[in-house]
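Biologist: I am new to this structure. Please show me how to read it, one feature after another.

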Amino acid sequence: YNYNQLNTLYTPDGTNNNKGSSISISQRFPNNPLTVSATMNINQRSQDSSVSLTLPDMTVSMSSIYPLKRKHAVGRERWYEKISISYSGYFRNSITAKENTFLKKNFLHDWQHGIQHNIPVSATYQFGFLNITPSASYTERWYTNKVHQRFDTARGGLQPVDTAYGFYRVYDYRAAISASTTIYGFFKPWKIFGDKVQMIRHRITPRVGISYTPDFGDKMWGYYDRLQYIDNAGVAHSEEYARFGDGHIFGMPGRGKTAAINFGFDNNLEMKVRTKTDSTETTKKISLIDNLSLSSSYNLAADSFQLADINASITLRFSPSLHLSLSGAFDPYMYGHTTDAATGRVSEHRVN
């Protein structure tokens, strides 16, 4: 029927009817932090008779638990009892193929599948007015193949030529520690502004932290490979490619070591005003600035452009139902002529 409608029969592309179905199920366990959910999706495109199927798309998540906390605590809480851990796992299996070849596809070679595990660990300790939060996260991906490439003289670029099948673990991790506190400032306006404004309160929350991520592009990890070749013009090249890049559902770790100092602060400005009615006198709080935030980071391990963009955002509340939010990022570096005479970012800080 779809191929014989008069309004699509004579169009250049023919009919383009998409049909999709999905089924999802979720299960929570009483008195248990685990939640399991699964989804099946299928989409059919009649224009090119292709079918896209994802079966299953499964998620297993565990809310934060404190594995070292004593069941029958006596005395003060120990430092290790504050350590929390959570987990999220994903299993995905998908394929896109023509209808007449769909059932002939090989599960190992033609389907895209993978499993990913995420395990974050953190704790918060209070020392006087200072909050210290150490954290770490571990991500592991399970794949069944990796790709080798070579230079294709006909196409003039790197092309995958060999796929090795097996069980491959692709993992990465990072660690961080941050500190934050809250500072309050109070200002009583001069009488020239009247006596309705009782007090203006400024709350500022500065934060600073250090994070570290190894260079997973290093040869020791085996996630990237470097290929040296000579192109059709006789020019020698040395190019790096990812062994678990395209076609791998959950991607792979990035390149480059990061040892960053992260810093920022949040601001809140409120005003307490006095209101009078016929019989009573009350006070209420008025938000002048709901939140003004600035943040950035400095990568000690980078050779250039160590300072990241400065992110800024502000939220103003005009009424309980009307808010205005603005955000932006500011580049701290100049633009000019680089060493190869091209115009681009140069590793020099602005001075004006």
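**Reading the model**

Modeller: Start with glutamate 270, which is found in strand 13 (residues 258-276). Strands (E, at least two residues) and helices (H or I, at least four) are DSSP runs, numbered from the N terminus. This is a predicted model: local features need pLDDT of at least 70, side-chain atom pairs count only at pLDDT 80 or more, and totals for chains, interfaces and linings use all residues. Residues are numbered from 1 along each chain as its sequence is written, and side-chain values use heavy atoms, with hydrogens and water left out.

Biologist: Is glutamate 270 buried or exposed?

Modeller: Buried means under 20% relative accessible area, exposed means over 50%, and partly exposed is in between (1.4 Å probe, protein chains only). Glutamate 270 has 19% relative accessibility, so it counts as buried.

Biologist: Which residues is glutamate 270 in contact with, leaving aside neighbours within four places in sequence?

Modeller: Contact means heavy atoms within 4.5 Å. For glutamate 270, the list is Met199, Ile200, Arg201, Lys285, Ile286, Ser287 and Leu288. Isoleucine 289 is 19 residues apart from glutamate 270 along the chain, and their C-alpha atoms are separated by 6.9 Å.

Biologist: Where does threonine 181 lie?

Modeller: Threonine 181 is in the loop between strand 8 (157-180) and strand 9 (183-187). Threonine 181 counts as buried because its relative accessibility is 18%. Its contacts, apart from neighbours within four places in sequence, are Phe129, Leu130, Ile204, Thr205 and Pro206.

Biologist: What does the side chain of threonine 181 reach?

Modeller: A polar contact is a pair of N or O atoms within 3.5 Å; within protein, one must be able to donate a hydrogen and the other to accept it, and residues adjacent in sequence count only if both atoms are side-chain atoms. Here the side chain of threonine 181 reaches the backbone oxygen of phenylalanine 129 at 2.6 Å.

Biologist: How many bridges join strand 11 to strand 12?

Modeller: Two strands pair if DSSP finds at least two bridges between them. Strand 11 (residues 224-230) and strand 12 (residues 236-242) run antiparallel and are joined by seven bridges. Tyrosine 229 has histidine 237 in strand 12 as its bridge partner. The two strands form a hairpin with five residues between them, and glycine 234 in the turn has a positive phi of about 85 degrees.

Biologist: Which residue other than glycine has a positive phi?

Modeller: Asparagine 31 is one, with phi near 55 degrees. Asparagine 31 sits in the loop between strand 1 (18-28) and strand 2 (34-45). With 86% relative accessibility, asparagine 31 counts as exposed.

Biologist: Which peptide bond is cis?

Modeller: The bond from leucine 55 to proline 56 is cis, with omega near -5 degrees. Proline 56 is in strand 3 (residues 50-65).

Biologist: What is the volume of the largest pocket?

Modeller: Rolling a probe the size of a water molecule over the atoms shows where empty space is left. On a 1 Å grid over the protein atoms alone, a pocket is an open set of points where a 1.4 Å probe fits, with protein on both sides within 12 Å along at least five of seven lines; lining residues have an atom within 4 Å of a point. Grid points are joined across faces, edges and corners, and a volume is the space filled by probe spheres set on the points. The largest pocket has a volume of about 400 Å³.

Biologist: Which element gives the most to the lining of the largest pocket?

Modeller: Strand 7 does, with five residues.
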